[in-house]
Amino acid sequence: MSATPQEELHRLTVTLKEYVRYQQRLGLRLVEDISKPTVPVPVVKSEPIPAPELTLQPASEAAPQEVITLEEVRAELGDCQRCKLWRTRTHLVFGAGDPHARLVFIGEAPGEAEDRQGEPFVGRAGQLLNRLLSKLEISRQEVYITNINKCRPPNNRTPEADEIAACRPFLWKQLQAIRPQVIVTLGAVAIHALLETKAPLNRLRGHWQQWRGIAVMPTFHPSYLLRVPQERVKTWEDMQQVLALYRPSKD
């Protein structure tokens, strides 16, 4: 039996609404009144901070703040039981590297190898990060590496909101102690927790952000690059921007 005009109109309306939702998922905002022409309108995005305008201040010129050390932050963290992750961890993974590093890398949380050894990024993802640093001619000893969460979530699941909330103040204190000039966040969890944003990583990565006056470059997590190696070129491009700011040309 052929459809009635009313049924056909209903089918077309449903199809059009599905098309609108599809376009919105692609990042476009459409006129919602389906009685009017549906002309795609680009979403207005906040302007990323261009690298040339970022000025790196020596620690002595930075805004005054309470002077603390990483040792004091670690002592305050103690045998942390502020969230449920302490029950399943082997070691608390605080961070490693130069306590006065100008460049800090922030990941998501320790994995199995990190939990076992008590050091950040020592598993397969860490080996990939080491190779990246080597190609950039940056030694691991001159940077500082840490995670949003200091304890491994069971089965390497994504940290939950309460776990991030319990650990994030200590990350902020670590950064206050180190006073870096550049931060690289690795993966969506890291940038979302640091900037307290829900913007998609694909929209943020490759564009300079700021956290309390510090230049921040979001990029992919090495574990993601192990699964999707074709995306490594994007991380390489992101790190070229980081390198240009971290070690500007003297020409």
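Start your tour by selecting Glu 160, which is partly exposed at a relative accessible area of 34% (buried means under 20%, exposed over 50%, partly exposed in between, with a 1.4 Å probe and protein chains only). You are looking at a predicted model in which local features need pLDDT of at least 70 and side-chain atom pairs count only at pLDDT 80 or more, while totals for chains, interfaces and linings use all residues. Residues are numbered from 1 along each chain as its sequence is written, and side-chain values use heavy atoms, with hydrogens and water left out.

Now focus on Glu 163 and Lys 84, whose closest N and O atoms lie 3.1 Å apart in their salt bridge. Glu 163 is buried, at 0% relative accessible area, whereas Lys 84 is partly exposed at 33%.

For the next stop, show the largest cavity, with about 90 Å³ of space. (A cavity is a set of points on a 1 Å grid over the protein atoms alone where a 1.4 Å probe fits but cannot get out; lining residues have an atom within 4 Å of a point. Grid points are joined across faces, edges and corners, and a volume is the space filled by probe spheres set on the points.) Of its 14 lining residues, Cys 80, Cys 83, Arg 89, Cys 151 and Cys 167 lie nearest the centre.

Notes
1 Å grid on protein atoms, 1.4 Å probe; cavity = no way out; pocket = protein on both sides within 12 Å on 5 of 7 lines; lining within 4 Å. Salt bridge = Lys/Arg side-chain N within 4 Å of Asp/Glu carboxyl O.
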